[in-house]
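Please open the model in a viewer and keep the selection panel at hand.

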Amino acid sequence: FNDPILVATTDGVVTKLKIAQAANIHNTIGIDHVAMNVNDLIVQVECGTILSRKSDINVGDILIGIPSSGIHSNAFFSLIRKIIDKYSLGYESTCLWNSKLTLGEELLIPTKIYVMQLLPLIKKGFVKAMAHITRAPQWVGLPT
């Protein structure tokens with residue numbers, strides 16, 4: 001490496017871990033921890049090249065959103081926990097929007113790792129910038 005770049009990330013899934021403990025479901029939480037960090041890394045660097053070239057972003061560029069596999073934000077999980085408490089639901093309750101799963105199972109669907117979807121686009125030079133948005137903006141005022 002002539003000009004090496006060191007990139008690091010650390011992200012936790014503390015609020016989701018609290019749900020895993022309450023639901024007694026622990027087989028997916030490790031995937032979440034890895035995914036959150038890998039997804040943070042892919043938006044920063046690919047093959048040693050910093051991706052964010054904000055000066056190259058122009059009117060008319062295309063914005064692509066990739067659907068998530070579920071809720072990934074600690075702030076939103078905190079809000080969900082408050083709703084569950086307020087309405088006396090349990091993580092063993094049937095999920096209201098997916099009757100095949102319990103609420104705990106649905107909330108603990110692992111975070112998707114987006115690397116395989118993104119690498120072909122990055123390698124073809126289609127990506128000018130990326131963001132891995134996992135937190136509610138402060139102006140939303142969600143409890144943490």
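**Overall fold**

Coloured by secondary structure and followed along the sequence, the protein shows the pattern α-α-β-β-α-α-α. This amounts to 5 helices and 2 strands, where helices (H or I, at least four residues) and strands (E, at least two) are DSSP runs numbered from the N terminus. The model is predicted, with local features requiring pLDDT of at least 70 and side-chain atom pairs pLDDT 80 or more, while totals for chains, interfaces and linings use all residues. Residues are numbered from 1 along each chain as its sequence is written, and side-chain values use heavy atoms, with hydrogens and water left out.

Next, display the surface. The accessible surface of the protein comes to about 9800 Å², as given by the Shrake-Rupley method with a 1.4 Å probe; carbon and sulfur atoms account for 60% of it. Of the 144 residues, 32% count as buried, that is, under 20% relative accessible area, with exposed meaning over 50% and partly exposed in between (1.4 Å probe, protein chains only). Among contacts (heavy atoms within 4.5 Å) between residues at least 6 apart in sequence, 73% join residues at least 24 apart.

**The nonpolar cores**

Select I19, A23, I84, Y91, L103, L107 and L108. Among the 15 residues of the largest nonpolar core, these touch the most other members; such a core is a set of buried Ala, Val, Leu, Ile, Met, Phe, Trp, Tyr and Cys residues joined through side-chain atoms within 4.5 Å. At least two residues of this core come from each of α1, α2, α3 and α4. A second, separate core has 8 residues, including V43, L119, I122 and V127.

Now centre on L108. Leaving aside neighbours within four places in sequence, L108 is in contact with K16, I19, A20, A23, I25, T28 and D32.

**The largest pocket**

Which residues lie nearest the centre of the largest pocket? Select L63, I64, G65, M130 and A131, which hold that position within a lining of 30 residues. The pocket contains about 980 Å³ of space. α2 (29-44) gives the largest share of the lining, 3 residues, and both α2 and α5 (115-123) supply at least two. By class, the lining divides into 19 nonpolar, 8 polar and 3 charged residues.

A pocket here is an open set of points on a 1 Å grid over the protein atoms alone, where a 1.4 Å probe fits, with protein on both sides within 12 Å along at least five of seven lines; lining residues have an atom within 4 Å of a point.

**Loop residues**

Most residues other than glycine have a negative phi. Select N24, in the loop between α1 (14-23) and α2: its phi is positive, about 55°, although it is not a glycine. N24 counts as exposed because its relative accessibility is 61%.

Move to S88, in the loop between α3 (74-86) and α4 (103-107). S88 also has a positive phi, near 50°, and counts as exposed at 66% relative accessibility.

The loop between α3 and α4 also holds L101. L101 is partly exposed, with a relative accessible area of 25%. Not counting residues up to four places away in sequence, L101 touches S93, T94, C95, E106 and I109.

Finally, select P67, in the loop between β2 (49-50) and α3. P67 counts as exposed, at 60% relative accessibility. The C-alpha atoms of P67 and Y114 are separated by 9.9 Å, although these residues are 47 residues apart along the chain.

How values were computed. Points joined across faces, edges and corners; volume = space filled by probe spheres on them. Nonpolar A, V, L, I, M, F, W, Y, C, P; charged D, E, K, R; others polar.
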